[in-house]
Amino acid sequence: MLQSDQIIRSTCPYCGVGCQLDLHIKDDHIFRVEAPFDAAPNYGRLCAKGRFGMDFVTHPSRLTQPLIRKDFGETPRKAIGLEGFRPANWDEALNLAAEKLAGTVLRHGSDAVGTFCSAKATNEDNYIFQKFVRGVLGTNNIDHCARLCHAASVAGLSIAIGSSAMSNSIAEMKDLDVFIITGSNTSETHPVISTFLREAVVRGNAKLIVVDPRAIEMTEFATLWLRQQPGTDVAVFQAMAHVIVEEELYNKPFITERTEDFESYITTLKDFTPEWAESISGVPADLIREAARIYANANAAAIYWGMGISQSVHGTDNTLSLANLALLTGQIGRPGTGLNPLRGQNNVQGCSDSGGLPNVYPGYQPVDDPEVRVKFEEEWGVPLNPEVGLTTMEMVDAAEQGALRAYYVMGENPMMSEPDLRHARHVMEQLDFVLVQDIFLNETGQYADIILPAASFAEKDGTFTNSDRRVQRIRTALPAPGEARSDWGIIADLAQRVESKLGREHSAGFAYEHPAEIWDEMARLTPDFQGIDYPRLERQGGVHWPCPSPEHSGTPYLFADSFPRGKGQFTPIQFHPSQELPDAEYPFILSTGRVLYHWHGGTMTRRSQLDHIYPEATVEIHPDDARRLGIEEHARVRVRSRRGKIEVKALVTERSPRGTVFIPFHFAEAAANELTQDVRDPYAKIPDYKVSSVAIEAI
Ligand code: SF4
């Protein structure tokens, strides 16, 4: 067997489970990946992406030197390939980038710059990015892809309990008593978590209730499967709450001690009978009653959900209706309970924690709170903007209106992830300046004026925070290719150049030698992190925040005694139908999501051997619908919506219900978001990726 030169412990760069990996290195390549059996959270388990998807790191198309667009300055800009760029050295690229960013600030004001930080980059990269954006550029226009995946979970949980993180830990999953999975195809999106959940059912006799329109693998393990029509989740959960109240299954002591507005809330449930919900959702009333009884009567019951709940125009209401269930029954604040949004990207939790949001500094400290702002001003030594910044989608709107003139995009791919891509492209073409920092030239980089080549997770040190709030290390295992540099190093260099172009005498402070110094600065400013530092992570492998002091052991489950907002808030919810329903011209509901072998925009997995297993875009269509349209298995079909059209391969399967089709969003050549609509949840501003109307035809 090939002997490794080195074995480096790191954290998987794909999903929010945060599996620990041992990278076996030989001749500057990762030639094998193993999972350590003694390390949480995965204890020896990995999915296909973690085990076989790391060869993207040494793919020949990695960016190795800074690039400048040959037609720099010409608008409207067009998408170009590598041949449209010329190589540059770091000084030239960074000076030009600094000149353009500083020029935008001086000519149009700080809020004319929009920035995207990265749920794939480290906490340290994101901390220093938001420090640059706030402390140097002077704007709070910073956001990332959490806006497009779990913003509605964040909004709903913030209203109900005052905290948006997953409340309970992965370690509790194998001992569950009862649990609900809704809007999460867990076996494909969080595969290692799904193995613990299946174990709870198979070995521990846990009862599983799946609420999902698709026949996902977890339905095979379910005690009950509530197969609702897409977009009718609220009706099902409200009816469960109705049953819990009607049959007095609620937890009176918990409600008295830990919640408020119970009496007024229950008066709003009167009309939401299971029969009413059946007429809306198609789920039999008796199944809704049974699910409510199982959940409410359990000793401990947890709720897990994914983007099927949050990526909806009703996403905040979906989350609030789940929170109402937990507050009614007291199924929160104990092991094996809780409200658990399964976070998507490897560091989407950490990116938000590190201040990558337009309304908060690190640790969710509000930018419009004067006391908090003064704390950051004193640490950074610069005045800070008190106005909440723009969200991802609001930045697109502002760019369209000409108020926003420049983008700085680090490690994100909005040209794949935005809804209604034709519109997003049009906006991108009009910007004065686009700066992109990434490991590959992706669909967003094709619009860049300057591209800065970044190191991958395997070529730098830092920390990721997984879905259950566990801060874990990544470590340098390989040299970065060519001249690529760590994100934090690039930002620090750029920040100092922009400060100089702006004529600032005082620096906000970017002279770091190692990411540990950046972590320590963030921890000083963030009470929840103050007990975590690199030496402790070396000793323990990972620590769950909140961890307010070195003596504190970390917090695997939250809310044992109280909620961050004090008492839990019941919220009355109304049911509203989806905005674009099928009609004669577009008779199918389109839902989008992930498959096991790919990840998000496919930037990494499509440059790995996994692409051989799942090489092209597909559409799941029910056999009855396929027969009617004359579509055979694996036939090429055209899918059209009011926004655009794509061509994909048909998978004729009963997985999706009649009248609903499912398309994964990983394939640039057939991007599902050409079809999706730009309608947004009114609170969270998250677009609806789960219900759009489409037509399908055989080609
Ligand atoms: Fe990586 Fe997620 Fe798979 Fe674990 S479950 S190996 S973190 S992609």
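These notes go from the whole chain down to single residues.

**Entry 1: the model and its fold.** I noted at the start that this is a predicted model. I then looked up the secondary structure and found 24 helices and 28 strands. The radius of gyration is 24 Å, close to the 27 Å from the globule rule for 699 residues, so I put the protein down as being as compact as a globular protein of that length. I also took the extent of the C-alpha trace, which spans about 70 × 65 × 60 Å along the principal axes.

Entry 2: I checked burial next, and 65% of the 699 residues count as buried. I looked at contacts with a sequence separation of 6 or more, and 74% of them join residues 24 or more positions apart. The accessible surface comes to about 23800 Å², and carbon and sulfur atoms hold 49% of it.

**Entry 3: charge.** I counted 67 positive and 93 negative side chains. The centres of the two sets lie 2 Å apart.

**Entry 4: aromatic pairs.** How many aromatic pairs does the structure hold? I found 21. I picked out Tyr 364 and Trp 545, whose ring centres are 6.5 Å apart with the planes at 35°; stacked needs under 30 degrees and edge-to-face over 60, so this pair is tilted. I then placed both residues. Tyr 364 sits in the loop between strand 14 (360–361) and strand 15 (365–366). Trp 545 sits in the loop between strand 21 (542–544) and strand 22 (568–569). The pair therefore ties together parts that are 181 residues apart in sequence.

Trp 545 is buried, at 6%. I also noted a cluster in which ring pairs link Tyr 127, Tyr 361, Phe 376 and Trp 380.

**Entry 5: Ile 181.** Where is Ile 181? I found it in strand 8, residues 178–182. The relative accessibility of Ile 181 is 0%; buried means under 20%, so Ile 181 counts as buried. I listed what Ile 181 touches, leaving out residues up to four places away in sequence: Thr 186, Leu 197, Leu 208, Ile 209, Val 210, Val 211, Met 218 and Tyr 304. I also checked Ile 181 against Ala 97. They are 84 residues apart in sequence, and their C-alpha atoms are 46 Å apart in space.

Terms used. Residues numbered from 1 in each chain as written. Predicted model: local features only at pLDDT ≥ 70, side-chain atom pairs only at ≥ 80, totals over all residues. Heavy atoms only, no water. Helix = DSSP H or I, 4+ residues; strand = E, 2+ residues; numbered from the N terminus. Rg over C-alpha atoms; globule rule 2.2 N^0.38 Å. Buried < 20%, exposed > 50% of the residue type's maximum accessible area, 1.4 Å probe, protein only. Contact = heavy atoms within 4.5 Å. Areas by Shrake-Rupley, 256 points an atom, 1.4 Å probe, with all protein chains shown as cover. Lys, Arg positive; Asp, Glu negative; His and termini not counted. Charge placed at Lys NZ, Arg CZ, Asp CG, Glu CD. Phe/Tyr/Trp six-rings, centres within 6.5 Å; stacked < 30°, edge-to-face > 60°.
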